[in-house]
Amino acid sequence: MTSTISTLPQSCSTEQAITWELLIELEPRLLDLYQEARSVRDDRSKPWFCANAVWYGHHGFEGLRPRLVDLVGYRRRDDGSDPRLATSLAYDIAYRTIYNVLPDCRNCSCVDVAAIIEARRAMRRRAGRRIAAR
Ligand SMILES: [Zn+2]
C-alpha cells in the first residue's frame, strides 16, 4: 500500500501537506484522543456539562488538551518524529478536529459568558439603531 507519507520527499516540511489524516498516520495517539473525545457523553441526569472542563481539565476532569500538547505543536518533544507534528498548523488541525467532537456545553459558566457577550452585542446594536434614527 502506498501511503501519503512515503510519496512525500523526506525533506518535505511544507505546512500545506498537513492534514488530519496525515497527522493520525504520523502520531496514532491522536486518534486515541479523538476517539476518547467522541466517547464523552453529556450526562443529562447531571445539572450541567462543560466541554471546556473536559478539554482543559478542571472540575475533576483529567483534560484532553494537556495530552494533546505532548503530541502536536511546538511543545512536542523532538524525538526524531516527523517535524510536521511540531508545527502550529498540526496543533490547530488536531485541536479543532478533537475539540469539535465533544458535546456542547450545557448550563455551565461558558454558556453564561457567551450569553452575556450576546446580550451586550444586542444592546449595542439597539443603541446603534437609536442613534441612527435621530
Ligand atoms: Zn462550558
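## Ground rules and confidence

Residues are numbered from 1 along each chain as its sequence is written. Because the model is predicted, local features need pLDDT of at least 70 and side-chain atom pairs count only at pLDDT 80 or more, while totals for chains, interfaces and linings use all residues.

The mean pLDDT (the predictor's confidence in each residue, from 0 to 100) of the protein chain is 85, and 87% of its residues reach 70 or more. Over residues 1-11 the pLDDT is below 50, and this stretch has seven contacts in the model beyond near neighbours in sequence. Where pLDDT is low, the predicted coordinates should not be read in detail.

## Overall fold

The protein chain has seven helices and zero strands. Here helices (H or I, at least four residues) and strands (E, at least two) are DSSP runs, numbered from the N terminus.

Two residues are in contact if their C-beta atoms, placed from the backbone, lie within 7 Å. Among contacts between residues at least 6 apart in sequence, 63% join residues at least 24 apart.

A residue is buried if 20 or more other C-beta atoms lie within 10 Å of its own, exposed if 12 or fewer, and partly exposed in between, with C-beta atoms placed from the backbone. Buried residues make up 17% of the 134 residues in the protein chain.

## The nonpolar core

A nonpolar core is a set of buried Ala, Val, Leu, Ile, Met, Phe, Trp, Tyr and Cys residues joined through C-beta atoms within 7 Å. The largest one has 21 residues, of which Val 72 and Ala 94 touch the most other members. Helix 3 (29-39), helix 4 (51-57), helix 5 (65-71) and helix 6 (88-99) each give two or more residues to this core.

Setting aside neighbours within four places in sequence, the contacts of Val 72 include Leu 23, Leu 30, Tyr 91 and Ala 94.

Leu 30, Leu 33, Tyr 34 and Ala 37 are the buried residues of helix 3. They line one face of the helix, because seen down its axis they fall within an arc of 100° (the arc of the directions from the helix axis to the C-beta atoms). Their cover includes helix 2 (20-26), helix 5 and helix 6. On the face turned away from the buried side sit the exposed residues Gln 35 and Ser 39.

## Leu 102 in its loop

Leu 102 lies in the loop between helix 6 and helix 7 (109-133). It counts as partly exposed because it has 19 C-beta neighbours inside 10 Å. Beyond residues up to four places away in sequence, Leu 102 touches Ala 37, Val 40, Ala 51, Val 54 and Trp 55.
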